[in-house]
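Please examine the aromatic side chains of the structure shown below. The paragraphs that follow lead through their contacts.

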Amino acid sequence: MNILIALIPALGWGIMPLITGKIGGSPANQMFGIGAGATIVGLVSYLITQPSVSTLAFWFSVLCGALWTIGQIGQFISFKRIGVSGTVPLSTVFQLVGNSIIGMLIFGDWAGTQSKVIGIVALLIVIAGALLTSITDSVAGEKMEIKDAIFLLCTTVGFWIYSSFPSMPIVKSESSTGVFLPEMLGILLGAVIYALFTDPKAFKQKEHYQNIIAGISWGIAAFAYIFSAKANGSTSAFIWTQLNVIISTFGGIFVLHEYKSGREMRFTVMGILLIIVGSVATSFA
């Protein structure tokens, strides 16, 4: 049963980009769908668990959820530019490297010399994997350029803040289920603000609401991760979530029909394997 719980986040986060890719729409449509769908899951989870949360932690959680949308908007825009199979591996690497550095410098992770050595070697493996997945032939579909990688890196700051959120003193003592709903409300708020300022007509488009399906998938995954961490431990829960990279990358190729030449496919497979190995290794640092 614990393994089944651990697989839910990987499946939910892995298929979310595939759902939005199939439904289509603008980044504003897709971001609203994630926010609305996640909020629905948040409301249902609140009614079931009925947790308590302090007022300060509630509003801080809303803020962190809103900032998370910066990272997800960056992903949706990148999906349009370089495809799901090009975006997800690179985004995963940026998140892992950034979160690890923040954890080490600010929150005291990797305290010993041995931990630092293991962590740094693991990150180098992950970076090597990212470089392999980014290799493209000049005649292939979406060709990644330096500006695309820089854009994705800059927007990943939203994910870094969100990932650091549980370790922040304001919410560290709060229950995970207690801050879940306000986080989801923050994501919805960020999505609405983004749509209002960039694409006000999006609210009249059907894709705006069809993408709620993807949001429910993402929200279920996020909620399940809370219980996976409790049942399997944070390290094991994190390792299982890395399967979402495989699902999204190869789903982009085979479900969304993103073209990869034979050479690109070989490098992608090798890169994904290195990213997974490096990601798992950081859990032991």
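Over the ring of which residue does the charged end of Arg-81 sit? That ring belongs to Phe-151, with the charged end 4.5 Å from the ring centre. A charge sits over a ring if NZ of Lys or CZ of Arg is within 6 Å of the ring centre and within 35 degrees of the ring normal.

The model is predicted, so local features need pLDDT of at least 70 and side-chain atom pairs count only at pLDDT 80 or more, while totals for chains, interfaces and linings use all residues. Residues are numbered from 1 along each chain as its sequence is written, and side-chain values use heavy atoms, with hydrogens and water left out.

Rings of Phe, Tyr and Trp (its six-membered ring) pair if their centres lie within 6.5 Å; planes under 30 degrees apart count as stacked, over 60 as edge-to-face and the rest as tilted. By this rule there are twelve aromatic pairs. Trp-13 and Tyr-225 form a tilted pair, 5.9 Å centre to centre with 45° between the planes. This pair links helix α1 (residues 2-23), which holds Trp-13, to helix α11 (residues 212-232), which holds Tyr-225, across 212 residues. Helices are DSSP runs (H or I, at least four residues), numbered from the N terminus.

Phe-32 and Phe-203 form an edge-to-face pair, 6.0 Å centre to centre with 70° between the planes. Phe-32 lies in helix α2 (residues 27-49) and Phe-203 in the loop between α9 (176-198) and α10 (207-210), 171 residues apart.

Trp-68, Phe-159, Tyr-162 and Trp-218 form one aromatic cluster.

Terms used
Helices (H or I, at least four residues) and strands (E, at least two) are DSSP runs, numbered from the N terminus.
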